[in-house]
Amino acid sequence: MGLRRKSPVGIWKYEFSTWRVDCVGIASASNGSMFWVFFSGMECLGLYCFRIKHCPCSVSWISLSAQQSHLGYYVYRDMLGEKGDFITSPEISQIFGEVFSQLGSVLKNCDISIHLVEVSRKLSEIQALTLTEEKIPLERNAGSPVYMKGVTKSGIPISWYRDLHDVPKGHSFYLAHEFFDVLPVHKFQKTPQGWREVFIDIDPQVSDKLRFVLAPCVTPAEVFIQRDEMRDHVEVCPEAGIIVQELSQRIALTGGAALIADYGHDGTKTDTFRGFCGHKLHDVLTAPGTADLTADVDFSYLRRMAEGQVASLGPIKQQMFLKNMGIDVRLKVLLDKSDEPARQQLLQGYDMLMNPKKMGERFNFFALLPHQRLHGRSHPMNACQSKPSVSPVAGFGELAWR
């Protein structure tokens, strides 16, 4: 795919029968589509206070309001890069995208179409500017499910949608890079009376200040907490479960795979809900609508949501995943061809991606695949048939040269 950038709230989906690499070196696929979902942003503090004046709201609401189209954080802002609120792996170093370029040999003979589900007006325009060929004008139809069409710089048809359900199903590959961490979460605290959901209320001492409070009784979202939960504080994201179930159903029905890359844990962390503004930590209750909100992904929850439909791999730390994908080999090739300033930039980017104290162990990769991809054929074999050999899944097994 030609898109170097990535949104914090994006899912990329590709349908394929064969693969290819577009101009920047990120993998894309043939005969199909890609989708990228965004949530808008937060409303201003005054509107928050007005809405919760008579009734405290779930923590999830502060993120759900990001879907409001008129004041949404993601609708009108370009929040990425040095001038934004955060920077992501593709911006940190070109190596992140280039480790996938080894797929070029199997992607070169395909016919691709790309389908983006994008509700952000600002980001859809940035995507079009980044991806499409200037000489071929964009087709726009605000009233259509496909509200924009174009052709990428490498000649691939590309379309924009507002809703995932408008994207055709098919044998697909999905990439969700820093998507799930910005979906709305419900927060719960264990008390002597049982689990109580964390709500947002107005501070009675300061009329224009928000505060966290505990719900006085059980709330419906408590159903998402595991009965054997041992932690004292948990965050659950029902929307993540819905999306993983949708992806699992599509993969089980038509084949393909999904790769999810995000900050997260395997059911061990507690309070991770936080904000970022200007590349610094930001109080989520201060100046809502001006910062990115995120919570670490609970991969154990995603695994439970996919069980019975598809197999899963991971989570595996980014340091190990990229090493398995050959990042060290790619770094050596680039260093040998670079001058000293470029070499220093490459080494700094590599350190940010791989250092355990930076992104190396904080970022995780998680995959969903058809059961037969890991266990061989889906139907019984007769006595004369040998057990089929299953090739390793890239990134999740040690890199072996042949």
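In which sense do strand β4 (residues 57–58) and β11 pair, and over how many bridges? I looked this up, and the two strands pair in the antiparallel sense over two bridges.

**Entry 1: basis of the model.** I note that this is a predicted model, in which local features need pLDDT of at least 70, side-chain atom pairs count only at pLDDT 80 or more, and totals for chains, interfaces and linings use all residues. Residues are numbered from 1 along each chain as its sequence is written, and side-chain values use heavy atoms, with hydrogens and water left out.

**Entry 2: terms.** Strands (E, at least two residues) and helices (H or I, at least four) are DSSP runs, numbered from the N terminus. Two strands pair if DSSP finds at least two bridges between them. Strands of a sheet pair through backbone hydrogen bonds, either parallel or antiparallel.

Entry 3: Opposite F199 of β11 I found S58. Strand β10 (residues 186–191) pairs with β11 in the antiparallel sense over four bridges, and T191 stands opposite G194. Two residues lie between β10 and β11, which form a hairpin. Strand β12 (residues 210–214) also pairs with β11 in the antiparallel sense, over five bridges; here I202 stands opposite L210.

**Entry 4: a four-stranded sheet.** I read the order of an open sheet as β5-β8-β7-β6, with mixed pairing. β5 (114–117) and β6 (139–140) stand at the edges with a single partner strand each, so one side of each has no neighbour in the sheet. β6 and β7 (residues 146–151) run antiparallel and are joined by two bridges; E139 has K149 in β7 as its bridge partner. Helix α7 (residues 121–131) lies across β5, β6, β7 and β8 (157–161), at about 15° to β7 (axes are lines fitted to C-alpha atoms, for helices over the stretch in contact, and angles run from 0 to 180 degrees between N-to-C directions).

**Entry 5: confidence.** pLDDT is the predictor's confidence in each residue, from 0 to 100. The chain has a mean pLDDT of 79, and 74% of its residues reach 70 or more. Where is confidence lowest in the chain, and where highest? I found the lowest in strand β2 (residues 19–21), at a mean of 26, and the highest in strand β18 (residues 297–298), at 98. Where pLDDT is low, the predicted coordinates should not be read in detail.

Key: Contact means heavy atoms within 4.5 Å.
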